[in-house]
Amino acid sequence: MDLSNSNTAKNLADAFAGESMANRKYLFFAEVTRQLGMTELSKLFRETANQETEHAFAHFRLMHPELVVNDIASLTEEEKKAIAARCLELAIEGETYEYTIMYPGFTEAARADRDTKAAVEFEAQQVESREHAQIFRKAAHNFGLLTPIEQHHARQYTEALQSLDGVAPAQKATSGEPATQKWICRQCSMIYDPVVGDPDSGIAPGTPFEAIAEDWVCPICGATKKTFVPYEEVVAA
(Lines give C-alpha, C1' and ligand atoms only; values in the text may rest on other atoms or scores of the structure.)
Protein backbone atom coordinates (compact mmCIF):
# COMPACT_ATOMS: atom_id res chain seq x y z
CA MET A 1 0.00 0.00 0.00
CA ASP A 2 1.40 3.39 -1.03
CA LEU A 3 1.20 5.87 1.85
CA SER A 4 3.46 8.49 0.27
CA ASN A 5 0.73 11.06 -0.38
CA SER A 6 -1.56 10.28 2.54
CA ASN A 7 -2.26 12.16 5.75
CA THR A 8 -1.09 9.06 7.60
CA ALA A 9 2.36 9.32 6.00
CA LYS A 10 2.67 12.91 7.22
CA ASN A 11 1.38 11.94 10.65
CA LEU A 12 3.92 9.13 10.89
CA ALA A 13 6.72 11.54 9.98
CA ASP A 14 5.49 14.04 12.58
CA ALA A 15 5.16 11.31 15.20
CA PHE A 16 8.67 10.05 14.42
CA ALA A 17 10.05 13.58 14.76
CA GLY A 18 8.19 14.12 18.03
CA GLU A 19 9.34 10.85 19.60
CA SER A 20 12.91 11.44 18.39
CA MET A 21 12.95 14.92 19.89
CA ALA A 22 11.54 13.58 23.15
CA ASN A 23 14.33 11.00 23.28
CA ARG A 24 17.07 13.63 22.95
CA LYS A 25 15.38 16.00 25.42
CA TYR A 26 15.00 13.30 28.04
CA LEU A 27 18.61 12.21 27.64
CA PHE A 28 19.62 15.84 28.15
CA PHE A 29 17.38 16.05 31.22
CA ALA A 30 18.90 12.79 32.49
CA GLU A 31 22.38 14.30 32.26
CA VAL A 32 21.30 17.52 33.98
CA THR A 33 19.63 15.70 36.87
CA ARG A 34 22.61 13.33 37.15
CA GLN A 35 24.87 16.35 37.61
CA LEU A 36 22.45 17.65 40.25
CA GLY A 37 22.83 14.38 42.15
CA MET A 38 19.22 13.32 41.54
CA THR A 39 20.01 9.74 40.62
CA GLU A 40 16.49 8.33 40.59
CA LEU A 41 15.09 11.20 38.52
CA SER A 42 17.99 10.86 36.10
CA LYS A 43 17.25 7.14 35.81
CA LEU A 44 13.58 7.88 35.10
CA PHE A 45 14.45 10.30 32.30
CA ARG A 46 16.88 7.80 30.75
CA GLU A 47 14.39 4.92 30.92
CA THR A 48 11.68 7.07 29.35
CA ALA A 49 14.11 8.19 26.64
CA ASN A 50 14.73 4.54 25.75
CA GLN A 51 10.98 3.97 25.48
CA GLU A 52 10.62 6.99 23.20
CA THR A 53 13.30 5.46 20.98
CA GLU A 54 11.24 2.30 20.63
CA HIS A 55 8.19 4.40 19.72
CA ALA A 56 10.22 6.28 17.09
CA PHE A 57 11.57 3.02 15.65
CA ALA A 58 8.02 1.65 15.35
CA HIS A 59 6.96 4.72 13.35
CA PHE A 60 10.06 4.58 11.17
CA ARG A 61 9.49 0.92 10.32
CA LEU A 62 6.06 1.84 8.96
CA MET A 63 7.55 4.78 7.05
CA HIS A 64 10.28 2.61 5.51
CA PRO A 65 9.20 -1.04 5.34
CA GLU A 66 12.03 -1.67 2.86
CA LEU A 67 14.44 -1.40 5.80
CA VAL A 68 12.67 -3.90 8.05
CA VAL A 69 14.66 -7.11 8.47
CA ASN A 70 12.65 -10.01 9.87
CA ASP A 71 14.93 -12.91 8.99
CA ILE A 72 18.55 -11.91 8.47
CA ALA A 73 19.52 -15.48 7.55
CA SER A 74 17.23 -15.42 4.52
CA LEU A 75 18.87 -12.37 2.95
CA THR A 76 21.40 -12.65 0.16
CA GLU A 77 24.52 -10.50 0.22
CA GLU A 78 23.01 -8.33 -2.51
CA GLU A 79 19.84 -7.81 -0.47
CA LYS A 80 21.90 -6.86 2.57
CA LYS A 81 23.88 -4.42 0.46
CA ALA A 82 20.66 -2.92 -0.94
CA ILE A 83 19.28 -2.30 2.55
CA ALA A 84 22.54 -0.73 3.71
CA ALA A 85 22.62 1.40 0.56
CA ARG A 86 19.08 2.62 1.23
CA CYS A 87 20.09 3.62 4.77
CA LEU A 88 22.99 5.61 3.37
CA GLU A 89 20.79 7.21 0.70
CA LEU A 90 18.38 8.44 3.37
CA ALA A 91 21.28 9.69 5.50
CA ILE A 92 22.76 11.57 2.54
CA GLU A 93 19.36 13.04 1.73
CA GLY A 94 18.96 14.33 5.29
CA GLU A 95 22.46 15.73 5.65
CA THR A 96 22.30 17.37 2.21
CA TYR A 97 19.01 19.06 3.09
CA GLU A 98 20.57 20.35 6.30
CA TYR A 99 23.64 21.91 4.72
CA THR A 100 22.03 23.19 1.49
CA ILE A 101 18.66 24.43 2.74
CA MET A 102 17.98 24.17 6.47
CA TYR A 103 21.04 25.70 8.11
CA PRO A 104 21.69 28.36 5.44
CA GLY A 105 18.04 29.40 5.78
CA PHE A 106 18.22 29.38 9.57
CA THR A 107 21.38 31.49 9.41
CA GLU A 108 19.71 34.19 7.33
CA ALA A 109 16.58 34.12 9.48
CA ALA A 110 18.60 34.50 12.67
CA ARG A 111 20.45 37.46 11.20
CA ALA A 112 17.18 39.04 10.09
CA ASP A 113 15.61 38.48 13.51
CA ARG A 114 18.63 40.04 15.19
CA ASP A 115 18.47 43.14 13.01
CA THR A 116 14.70 43.49 13.35
CA LYS A 117 14.84 43.19 17.11
CA ALA A 118 17.57 45.80 17.33
CA ALA A 119 15.58 48.19 15.15
CA VAL A 120 12.22 48.09 16.93
CA GLU A 121 13.11 47.85 20.61
CA PHE A 122 12.33 50.92 22.70
CA GLU A 123 14.96 52.56 24.86
CA ALA A 124 13.41 51.13 28.03
CA GLN A 125 13.98 47.64 26.63
CA GLN A 126 17.59 48.11 25.59
CA VAL A 127 18.95 45.49 27.96
CA GLU A 128 16.46 42.86 26.79
CA SER A 129 17.07 43.85 23.19
CA ARG A 130 20.80 43.44 23.64
CA GLU A 131 20.25 39.98 25.11
CA HIS A 132 18.01 39.06 22.18
CA ALA A 133 20.57 40.32 19.69
CA GLN A 134 23.27 38.24 21.37
CA ILE A 135 21.09 35.13 21.22
CA PHE A 136 20.25 35.66 17.56
CA ARG A 137 23.88 36.43 16.75
CA LYS A 138 24.95 33.21 18.48
CA ALA A 139 22.24 31.26 16.64
CA ALA A 140 23.33 32.68 13.30
CA HIS A 141 26.94 31.84 14.14
CA ASN A 142 26.09 28.26 15.13
CA PHE A 143 23.87 27.67 12.10
CA GLY A 144 26.71 28.88 9.90
CA LEU A 145 29.14 26.49 11.58
CA LEU A 146 26.73 23.57 11.23
CA THR A 147 26.48 23.93 7.46
CA PRO A 148 29.98 22.53 6.70
CA ILE A 149 29.49 19.89 9.41
CA GLU A 150 26.43 18.49 7.67
CA GLN A 151 28.26 18.71 4.34
CA HIS A 152 31.08 16.67 5.90
CA HIS A 153 28.56 14.09 7.17
CA ALA A 154 26.93 13.86 3.73
CA ARG A 155 30.34 13.32 2.13
CA GLN A 156 31.13 10.53 4.61
CA TYR A 157 27.85 8.77 3.86
CA THR A 158 28.39 9.19 0.12
CA GLU A 159 31.82 7.58 0.39
CA ALA A 160 30.34 4.71 2.40
CA LEU A 161 27.64 4.20 -0.24
CA GLN A 162 30.24 4.22 -3.02
CA SER A 163 32.30 1.72 -1.05
CA LEU A 164 29.34 -0.67 -1.04
CA ASP A 165 29.44 -0.46 -4.84
CA GLY A 166 33.16 -1.23 -4.88
CA VAL A 167 34.31 2.31 -5.64
CA ALA A 168 37.73 3.09 -4.16
CA PRO A 169 37.75 6.08 -1.78
CA ALA A 170 39.13 9.34 -3.11
CA GLN A 171 42.62 10.27 -1.97
CA LYS A 172 42.67 12.77 0.88
CA ALA A 173 45.40 14.85 2.47
CA THR A 174 45.99 17.82 4.73
CA SER A 175 46.95 21.09 3.07
CA GLY A 176 50.27 21.36 4.90
CA GLU A 177 49.92 25.14 5.00
CA PRO A 178 48.91 26.70 8.35
CA ALA A 179 47.12 29.55 6.55
CA THR A 180 44.73 27.14 4.81
CA GLN A 181 44.82 23.97 6.92
CA LYS A 182 41.39 23.24 8.39
CA TRP A 183 40.95 21.40 11.69
CA ILE A 184 38.01 19.23 12.75
CA CYS A 185 36.58 18.60 16.21
CA ARG A 186 36.54 14.88 16.97
CA GLN A 187 33.55 15.35 19.27
CA CYS A 188 31.05 17.22 17.05
CA SER A 189 32.79 17.55 13.62
CA MET A 190 32.92 21.37 13.78
CA ILE A 191 35.46 22.45 11.17
CA TYR A 192 37.76 25.38 11.94
CA ASP A 193 38.76 27.22 8.78
CA PRO A 194 41.67 29.65 9.32
CA VAL A 195 40.52 31.72 6.35
CA VAL A 196 37.24 32.42 8.16
CA GLY A 197 38.50 32.30 11.75
CA ASP A 198 36.01 32.42 14.62
CA PRO A 199 35.15 36.14 14.97
CA ASP A 200 32.44 35.55 17.59
CA SER A 201 35.12 34.02 19.81
CA GLY A 202 37.61 36.76 19.07
CA ILE A 203 39.56 34.77 16.47
CA ALA A 204 40.15 36.99 13.44
CA PRO A 205 39.97 35.68 9.86
CA GLY A 206 43.37 34.52 8.69
CA THR A 207 44.35 33.06 12.08
CA PRO A 208 46.08 29.65 11.77
CA PHE A 209 44.82 27.04 14.20
CA GLU A 210 48.23 26.83 15.86
CA ALA A 211 48.01 30.53 16.74
CA ILE A 212 44.75 30.19 18.66
CA ALA A 213 45.04 30.44 22.45
CA GLU A 214 45.09 27.09 24.25
CA ASP A 215 42.00 28.00 26.30
CA TRP A 216 39.86 28.39 23.16
CA VAL A 217 37.02 25.86 22.97
CA CYS A 218 34.85 24.52 20.17
CA PRO A 219 32.00 27.03 19.67
CA ILE A 220 29.54 24.20 19.03
CA CYS A 221 30.20 21.59 21.73
CA GLY A 222 32.70 23.28 24.06
CA ALA A 223 35.45 20.70 23.51
CA THR A 224 39.01 21.85 24.15
CA LYS A 225 41.47 22.79 21.43
CA LYS A 226 43.25 19.45 21.95
CA THR A 227 40.13 17.68 20.65
CA PHE A 228 40.77 19.02 17.13
CA VAL A 229 42.79 17.16 14.50
CA PRO A 230 43.94 18.24 11.01
CA TYR A 231 41.12 17.93 8.49
CA GLU A 232 41.87 15.91 5.37
CA GLU A 233 40.27 17.05 2.12
CA VAL A 234 39.92 15.30 -1.21
CA VAL A 235 43.00 15.77 -3.37
CA ALA A 236 42.18 17.20 -6.80
CA ALA A 237 42.81 14.69 -9.58
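The axes of helix 1 (residues 7-35) and helix 2 (residues 39-63) come within 8 Å of each other and cross at roughly 160 degrees. The model is predicted: local features need pLDDT of at least 70, side-chain atom pairs count only at pLDDT 80 or more, and totals for chains, interfaces and linings use all residues. Residues are numbered from 1 along each chain as its sequence is written, and side-chain values use heavy atoms, with hydrogens and water left out.

**Helix 1 and helix 2**
- Helix 1 and helix 2 are therefore roughly antiparallel (an angle over 145 degrees, taken between N-to-C directions on a scale from 0 to 180 degrees, with axes fitted to C-alpha atoms over the stretch in contact).
- Helix 1 passes helix 2 in a left-handed crossing, meaning that the near helix is turned anticlockwise from the far one by less than a right angle.
- By class, 16 nonpolar, 9 polar and 5 charged residues form the contact of helix 1 with helix 2; Asp, Glu, Lys and Arg count as charged, Ala, Val, Leu, Ile, Met, Phe, Trp, Tyr, Cys and Pro as nonpolar, and the others, Gly among them, as polar.

**Protein chain**
- The protein chain has 4 helices and 5 strands (DSSP runs: H or I of at least four residues for helices, E of at least two for strands).
- From the N terminus on, the order of elements is α-α-α-α-β-β-β-β-β.
- Of the 237 residues in the protein chain, 27% are buried (under 20% relative accessible area; exposed is over 50% and partly exposed in between, with a 1.4 Å probe and protein chains only).
- Among contacts with a separation of 6 or more, 60% involve residues 24 or more positions apart; contact means heavy atoms within 4.5 Å.

**Q181**
- Q181 lies in the loop between strand 1 (172-173) and strand 2 (183-185), and at 6% relative accessibility Q181 counts as buried.
- The Q181 side chain reaches the backbone oxygen of Y231 at 3.0 Å.
- Not counting residues up to four places away in sequence, Q181 touches T174, S175, G176, Y192, P194, P230 and Y231.

**Loop between strand 3 and strand 4**
- E214 is found in the loop between strand 3 (191-192) and strand 4 (228-230), and T207 is in the loop between strand 3 and strand 4 too.
- E214 is exposed, with a relative accessible area of 56%, whereas T207 counts as buried at 18% relative accessibility.
- The side chains of E214 and K225 are joined by a polar contact of 3.2 Å (a pair of N or O atoms within 3.5 Å; within protein, one must be able to donate a hydrogen and the other to accept it, and residues adjacent in sequence count only if both atoms are side-chain atoms).
- Leaving aside neighbours within four places in sequence, T207 is in contact with Y192, P194 and I212.

How values were computed. Parallel < 35°, antiparallel > 145°, perpendicular 65-115°, else oblique.
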